[in-house]
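Dear colleague,

Please find the structure below, handed over for your records. My notes on it follow directly.

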Amino acid sequence: MLSEISSWLPWVLTISALSLVFVQGMIQSRQIRHLKTSLKDRCDTLGRELHATASGSMGVGQRLVACERQLHELRTTLDEMRQNDPLRISYDEASRLVDLGADIDDLMNTCGISRPEAELVSALRKRQAA
């Protein structure tokens, strides 16, 4: 009887080992399927998040371009207003006249500015000349 058991023992061990390998393969197959599903879900989630981020970035970029355009228009308008400001032209003219030797009454009559303004322009130009 011992010889009968010893002749079947290698077969039993081989079948047991193959069974264990088969069970391990099934378990790993399930794990791989689970990991694939998990990875696919994660990729889908990341894709949606990336799309949302890209859409938001494009919206912010468009708003930034619009703000830059408005800023440029405002700067242009401000520069035009500064160049066409009649008071500035009067003060520039008054400064030029002071350099030519005009007195305060001449500044008031020629440039249409008040006495304190004419005195101020005269004092500033004389101080800059000194």
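Leaving out residues up to four places away in sequence, Ser122 touches Val98, Ile104 and Leu107, where contact means heavy atoms within 4.5 Å. Ser122 lies in helix H4 and counts as buried at 7% relative accessibility; buried means under 20% relative accessible area, exposed over 50%, and partly exposed in between, with a 1.4 Å probe and protein chains only.

Please note that this is a predicted model, in which local features need pLDDT of at least 70 and side-chain atom pairs count only at pLDDT 80 or more, while totals for chains, interfaces and linings use all residues. Residues are numbered from 1 along each chain as its sequence is written, and side-chain values use heavy atoms, with hydrogens and water left out.

As to the overall architecture, the secondary structure of the chain comes to four helices and zero strands, so that the elements run α-α-α-α from the N terminus on; helices (H or I, at least four residues) and strands (E, at least two) are DSSP runs, numbered from the N terminus. The C-alpha atoms fill a box of roughly 140 × 30 × 20 Å along the principal axes. The radius of gyration of the chain is 46 Å, whereas a compact globule of 130 residues would have one near 14 Å; the radius is taken over C-alpha atoms, and the globule rule is 2.2 Å times the number of residues to the power 0.38. Of the 130 residues, 9% count as buried. Among contacts between residues at least 6 apart in sequence, 24% join residues at least 24 apart. The chain exposes about 11,300 Å², of which carbon and sulfur atoms supply 62%; accessible areas come from the Shrake-Rupley method with a 1.4 Å probe, and for residues only the protein chains shown count as cover.

Which residues form the largest nonpolar core? This core has nine residues, namely Ala94, Leu97, Val98, Ala102, Leu107, Cys111, Ile113, Ala118 and Val121. The elements that give two or more residues to this core are H2, helix H3 (104-111) and helix H4 (115-129), and H2 gives the most, with three residues. A nonpolar core is a set of buried Ala, Val, Leu, Ile, Met, Phe, Trp, Tyr and Cys residues joined through side-chain atoms within 4.5 Å.

Cys111 is found in helix H3 and is buried, with a relative accessible area of 11%. Not counting residues up to four places away in sequence, Cys111 touches Ser90, Glu93, Ala94, Leu97 and Asp106. The C-alpha atoms of Cys111 and Gln70, 41 residues apart along the chain, are separated by 35 Å. Ala118, with neighbours within four places in sequence left aside, is in contact with Ile104, Leu107, Met108 and Ile113.

Ser95 lies in helix H2 (residues 86-99) and counts as buried at 18% relative accessibility. Beyond its neighbours within four places in sequence, Ser95 is in contact with Val121 and Arg125.

Finally, I turn to helix H1 (residues 2-83), where Trp11 is found. Trp11 is exposed, with a relative accessible area of 57%. Together with Trp8, Val12 and Ile15, Trp11 makes a nonpolar surface patch of about 510 Å².

With kind regards

Key:
Patches are made of residues with over 30% relative accessible area and no salt bridge: like charges are joined within 9 Å, nonpolar side chains (Val, Leu, Ile, Met, Phe, Trp, Tyr) within 5 Å. A salt bridge is a side-chain nitrogen of Lys or Arg within 4 Å of a carboxyl oxygen of Asp or Glu.
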